[in-house]
Amino acid sequence: MQDHASLVVSGTALTLFFIWRQDLLANILAHAATDVVGLLRAAAHIRKSQDRSP
């Protein structure tokens, strides 16, 4: 459920950012930045779970 909430929050933030700036390129870059953060968090989570396994 937490993943769905973060998607809703990031989607809302990106929508409001686009309405505010009306700049598609800025919105694309912001979207890419949120994707990179998500990928880094996923990689850290996987690495952390692998360190705990015997």
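These are my notebook entries on a predicted model of the protein.

**Entry 1: overall build**

I started with the secondary structure. I found two helices and zero strands. Next I checked the radius of gyration, which is 15 Å. The globule rule gives 10 Å for 54 residues, and 15 Å is well over that, so the protein is more spread out than a compact globule. I then looked up the extent of the C-alpha trace. Along the principal axes it spans about 50 × 20 × 10 Å.

**Entry 2: surface and charge**

How many of the 54 residues count as buried? I got 6%.

**Entry 3: the loop at Gln22**

I went to the loop between helix 1 (2-21) and helix 2, where Gln22 is found. Is Gln22 buried or exposed? Its relative accessible area is 65%, over the 50% cut-off, so I logged Gln22 as exposed. I noted its backbone too. Gln22 has a positive phi of about 50°, although it is not a glycine. For context, most residues other than glycine have a negative phi.

**Entry 4: Asn27**

I moved on to helix 2, which covers residues 24-52 and holds Asn27. The relative accessible area of Asn27 is 15%. Buried means under 20%, so Asn27 is buried. What does Asn27 touch, leaving out residues up to four places away in sequence? I listed Leu14, Phe17 and Phe18.

**Entry 5: His31**

His31 also has its place in helix 2. I read a relative accessibility of 40% for His31. That value falls between the 20% and 50% cut-offs, so His31 counts as partly exposed. I then took a distance from His31 to Gly11. The two are 20 residues apart in sequence. In space they are 8.9 Å apart, C-alpha to C-alpha.

**Entry 6: Leu39**

My last stop was Leu39, in helix 2. Is Leu39 buried or exposed? At 61% relative accessibility, Leu39 counts as exposed. Leu39 and Gln22 are 17 residues apart along the chain, and their C-alpha atoms are separated by 27 Å.

How values were computed
Residues are numbered from 1 along each chain as its sequence is written. This is a predicted model: local features need pLDDT of at least 70, side-chain atom pairs count only at pLDDT 80 or more; totals for chains, interfaces and linings use all residues. Side-chain values use heavy atoms; hydrogens and water are left out. Helices (H or I, at least four residues) and strands (E, at least two) are DSSP runs, numbered from the N terminus. The radius of gyration is taken over C-alpha atoms; the globule rule is 2.2 Å times the number of residues to the power 0.38. Buried means under 20% relative accessible area, exposed over 50%, partly exposed in between (1.4 Å probe, protein chains only). Contact means heavy atoms within 4.5 Å.
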